[in-house]
Amino acid sequence: MPTSSDMANAKARSSGPELRSRPLAASFILLGGMIALVLGIGVSVSFGAADIAFSTVWEAVFRFNPELTQHQIIQELRLPRVLAGAMVGASFAVSGALMQGMTRNPMADSGLLGLNAGAGFVMAVCFAFFPGLPFSYLILYAFLGAGLGAGLVYGIGSLAKGGLTPVRLVLAGAAVSALLVALSEGIALYFRIGQDLAFWYAGGMAGVKWSQLNVMFPWVAGAIIASIMLSRYLTLLSLGEEVAIGLGQRTRLIKLAGTVLVLILAGSAVAVVGAVGFVGLLIPHLTRYLVGVDYRWIVPCSAVLGSLLVVFADLAARMVHPPYESPLGALIALIGVPFFLYLARRERREL
């Protein structure tokens, strides 16, 4: 008797060769991507306003000497920054993959659907009314803000005649994001906290500390592990809700669990790095093109590729105009905006 996984794979095979699962390619991406990520972290730690030799980086990591200035730069400034970039990239990429799988919307992304703007708005409120709030509380409020943004987008998008479509959902996301960003800027001007919020507007990892990573890591690691555990059910859901229900899947429970994971991943990432968009849009599409539609491969491969993108984008942000830094969000948008326009045009033809 065929299992649900067999039926899902059969449906994927019948949909065309581009939808087949490619475990060999996925294994290569996971192995090669992890090696490239380790090398990228080493290069990113070495390069900066003061270039540091690889041997010094190795000594600072494994034989730290607090009396050496270069060791202090590596341990206190560069290493937490690079590790934060890897976690943020994985968070945005996995949250985008979950959203696209649950909604079957190829344009789903935490930045496009209001989650980033919602988290940023709540951060502005916290800076204005609760200054000095510990980061452990900020990250919790960022989760709530992401949920606020998503709720507004889906609520407004559902009011349109004919229900939700990918383009309508993105239009609602753009409207809600513009509103929340405007409110955040108004709060920043009135309470004179514009300098504090400028970091979140531009997006970047300068100033990330170990204390922030210690709070962020358990949330991100737990959410990514849970996403991998959920990925088998997400594969069936991505083939259609009727198919999933016919195979005995509890689709509402799957969507609820996926939504909670998306809020955790997007909220924690925005709390650390700011409003960086398009990572969750680009990486899942690239991953599906390389490994097929099986989310048991898409989720971990998206995490690795997302980490690679943000780590190398942050390195480029420091090297474009040294010793000054370019906004991380702007560099990623140079790739993300044309890809978004391509998707929007394709979806318009399919409406």
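The second largest pocket in this predicted model has a volume of about 390 Å³. A pocket here is an open set of points on a 1 Å grid over the protein atoms alone, where a 1.4 Å probe fits, with protein on both sides within 12 Å along at least five of seven lines; lining residues have an atom within 4 Å of a point. Of the 17 lining residues, Ala-86, Met-87, Ala-90, Phe-217 and Ser-307 are the closest to the centre.

Here is the lining of this pocket by residue class:

| Class | Lining residues |
|---|---|
| Nonpolar | 15 residues |
| Polar | two residues |

Helices are DSSP runs (H or I, at least four residues), numbered from the N terminus.

Now to the core. The largest nonpolar core has 100 residues, and Phe-92 is among those with the most contacts inside it. Helix 4 (residues 69-103) supplies the largest share, 15 residues. Such a core joins buried Ala, Val, Leu, Ile, Met, Phe, Trp, Tyr and Cys residues through side-chain atoms within 4.5 Å.

Asn-116 sits in helix 5 (residues 115-129) and is buried, with a relative accessible area of 5%, where buried means under 20% with a 1.4 Å probe, protein chains only. Among the other residues that Asn-116 touches are Ser-110, Val-270 and Gly-277.

Residues are numbered from 1 along each chain as its sequence is written. Local features need pLDDT of at least 70 and side-chain atom pairs pLDDT 80 or more, while totals for chains, interfaces and linings use all residues, and side-chain values use heavy atoms, leaving out hydrogens and water.

Terms used
Buried < 20%, exposed > 50% of the residue type's maximum accessible area, 1.4 Å probe, protein only. Helix = DSSP H or I, 4+ residues; strand = E, 2+ residues; numbered from the N terminus. Contact = heavy atoms within 4.5 Å. Points joined across faces, edges and corners; volume = space filled by probe spheres on them. Nonpolar A, V, L, I, M, F, W, Y, C, P; charged D, E, K, R; others polar. Lists of a residue's contacts leave out its neighbours within four places in sequence.
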